[in-house]
Amino acid sequence: MKLKVADQLHDVGPHIRMNRTTKEIMQDVVIALIPAFLGSIYFFGIKALILVMTAVTTCVISEYIWQKLRKEPLTVSDWSAVVTGILLAFNVPATTPVWAVMVASVFAIIVAKQFFGGIGSNFANPALMGRALLLFLWPASISGYVSTYHAGADAVSSATVLGLYKSGSQISQFSKWDMFIGNIPGCIGETSKLLLLIGFAYLCYRRVVNISTTAAYILTVLLVTFIFSGEGLFKGDILVNLLSGGLILGACYMMTDYASVAPRVKVTLAVIAGLITAGIRLWGMLPEGVSYGILAANCLSGLVDNLIKPHIYGVNVKKSK
Amino acid sequence: MKDNRLKGIIALAVVTVISFGVIYGSKILVKDNTTNGNTTDNNQNQQDLPGAIDVSGAEGIVSARELTDDSGNVTGYSVVSEAKGFAKPVTWEIIFENDAKTIREVKVVSHAETPGYGANMEEESYLNQFKGIKAPIYLKGQAPASDAGSESGASDTTEGFKDGIYRVESEEMDNGYYYMLTLKVENGAITNVVFDGMNELGEYKSYLSSVGKYVMTEDGLTWKEQADALAQYVIEHQSVKGLAVDENGKTDAVAGVSISINNFLELAEKALEMAATGEGAQNAGGDNAPVSADGEFGEIDAISGATFTTNAILELVNNAYEFIKNYAGK
């Protein structure tokens, strides 16, 4: 089927350009992630530093080699590969083997990003695709969660708070304060909500992200889990669901990508992601669900884009009788 | 725009520094908060509740209290008990009925066991098997006869070894693995030997080899099969004396075994020495597990692939039972 020229023009974005460049936006995201990055090293030791550096380096080199081989314009300098590397490393526990992070990084950049046209054209978040690959192929490689304040060989395997909560076990050994500051087992970049939120505040200040998407995603997850996750309706623990997993990391840094620009579409996708995340947490096999929730919403973005047509400026929606 | 970014970065840096100060300060303020196996809060909570029972001097008992109804009648007992798991203490709350024997419910308070192995203790189906059974508890099929066993766990026999279960583990890691050996003696004879290794990630060598993640040779026996063959040798010969090794730690005494058996030999010899004297013996209910005076006891399933965790659970539940039985005078 041949597309008309007008359709092609309609389908290929961006149509509106801001003064701000991709490079500036990505640099801002990297800056915003620095507090959580420092926190990951503080809580999980040198292994966190190694994983982040490995992921970033592999992502950048993968993108460079791919574009060189394909004789495409080099976009390494736009920092998007750096962001992907950091977020990918943030989504794995400290015990993850370095080789696994390298494989996931190559997959994220080449398969999830470049196969679909590079930045702005990828259908799903590359970092989460990399994590999904590890979960699918080598689940044991990213299931070794460890307690905090341990480094290297001293690391002690531990269940996550969400895992304990889901199984009905006591989680009183983890205070809400510990969950907030990050002193709990989990992926290296997701545990400190305090540091993630500081970075998110910077992004809001810089107007890099729209808080409505983040809010819609978080509120949806909290609402559904509050209703269904307790013993009886409306008895779920909101703070545990908010602070114990990767909800803040996903909502602030991965739900807010630029795949779709229409605000209503973004919020709708955030609600969908929230419903799927909550569904997985409540009734799925996994205790988490953020990555699959966001990836599922990513996959539905084209459909939602088509369903929610933006109002065309200058055209009356309601016809007068 | 640039100025706006600079201001943002400065604010971000300042707030980040303050946040780290708060995080570090909270670490200092909260003692023993370096692992998730911390039970201090739980202990404190129990001690603050009505009906708290003094647990000072009771080994392995973190806290305990009486459960009462509105009229003040004792309806049961709650005991928080802990025992050493694979790496860190495993802590459970065991709730007994007011007969101080029937388990009403158990809850996992904390642990640092390996996901997929010892951490499976959190599964509802595993915890549910404790509901309604009577303490002391044993693994299924391993409850001693009513006249067997003693308080030390070892019983005299007419044979060379004393009955009981003997557990030994390597003190240092060797090529990325800790090794452990469990030897069971019944009626004076070795009836079961389990030899295994565990890596830093908590993965058992037997499991890794059985699923093809730890491959010895393409066509030879897997590591687990070789470990089982070595164990079988000990059961058949009741000794390790025939296991001569070369300079590489390898032996020709067992068909198909090509692994270095130094770790196995070291642990087996240690376990055999213990079995000869009865030192360090456990009965099937864990360390110093009580023998049911009235012949009533409960049986549970082991956690697959998690011997240490299973033993810890047996120990902490039976310790809780002993404590509350003595307290209630029943």
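**Where two helices meet**

In chain A, Leu128(A), Arg131(A) and Ala132(A) of helix H6(A) meet Ser291(A), Ile294(A) and Leu295(A) of helix H14(A). Keep in mind as you read that this is a predicted model.

**Helix pairs in chain A**

- Two packed helices are described by the angle between their axes and the distance between the axes.
- H6(A) covers residues 126-137 and H14(A) covers residues 290-307; they pack at an angle of about 125°, and their axes are 10 Å apart.
- The crossing in which H6(A) passes H14(A) is left-handed.
- Another pair to find is H2(A), residues 22-44, with H3(A), residues 46-69: here the angle is about 140° and the axes are 6 Å apart.
- H2(A) and H3(A) are therefore oblique to each other as well.
- On the H2(A) side of this pair you can pick out Phe37(A), Ser40(A), Ile41(A) and Phe44(A), which meet Lys47(A), Ala48(A), Leu49(A) and Val52(A) on the H3(A) side.

**Chain A as a whole**

- How many helices and strands are there in chain A? The count is 14 helices and zero strands, so the pattern read along the sequence is α-α-α-α-α-α-α-α-α-α-α-α-α-α.
- Chain A has 321 residues, and 51% of them count as buried.
- Take the contacts in chain A between residues at least 6 apart in sequence: 72% of these join residues at least 24 apart.

**Annotated spans in chain A**

- An unreviewed UniProt entry places the feature "transmembrane region" at several spans of chain A, including residues 25-43, 98-116, 180-203 and 267-284.
- Residues 180-203 of chain A are 54% helix and 0% strand, with end C-alpha atoms 20 Å apart.
- Residues 267-284 of chain A are 94% helix and 0% strand, and their end C-alpha atoms lie 24 Å apart.

**A look at helix H9(A)**

- H9(A) runs over residues 193-205, which makes 13 residues.
- From its first C-alpha to its last, H9(A) reaches 18 Å, close to the 18 Å expected at 1.5 Å a residue.
- Which residues of H9(A) are buried? Among them are Lys193(A), Leu194(A), Ile198(A), Gly199(A), Phe200(A) and Tyr202(A).
- Just after H9(A) comes Arg207(A), with a positive phi of about 55°.

**Chain B and one of its residues**

- Chain B has seven helices and 10 strands.
- Of the 330 residues in chain B, 45% are buried.
- For contacts in chain B with a separation of 6 or more, residues 24 or more positions apart account for 59%.
- Ser210(B) is found in helix H4 of chain B, which spans residues 205-210.
- Is Ser210(B) buried or partly exposed? It has 14 C-beta neighbours inside 10 Å, so Ser210(B) counts as partly exposed.
- Leaving aside neighbours within four places in sequence, Ser210(B) is in contact with Thr222(B) and Lys224(B).
- Ser210(B) and Glu225(B) are 15 residues apart along the chain, and their C-alpha atoms are separated by 8.5 Å.

Note on methods
Residues numbered from 1 in each chain as written. Chains lettered and ligands numbered in written order. Predicted model: local features only at pLDDT ≥ 70, side-chain atom pairs only at ≥ 80, totals over all residues. UniProt positions renumbered as here; feature names shortened; annotations may be inferred. Helix = DSSP H or I, 4+ residues; strand = E, 2+ residues; numbered from the N terminus. Buried ≥ 20, exposed ≤ 12 C-beta atoms within 10 Å, placed from the backbone. Contact = placed C-beta atoms within 7 Å. Expected span 1.5 Å × (residues − 1). Axes fitted to C-alpha atoms, helices over the stretch in contact; angles between N-to-C directions. Left-handed = near helix turned anticlockwise from the far one by under 90°. Parallel < 35°, antiparallel > 145°, perpendicular 65-115°, else oblique.
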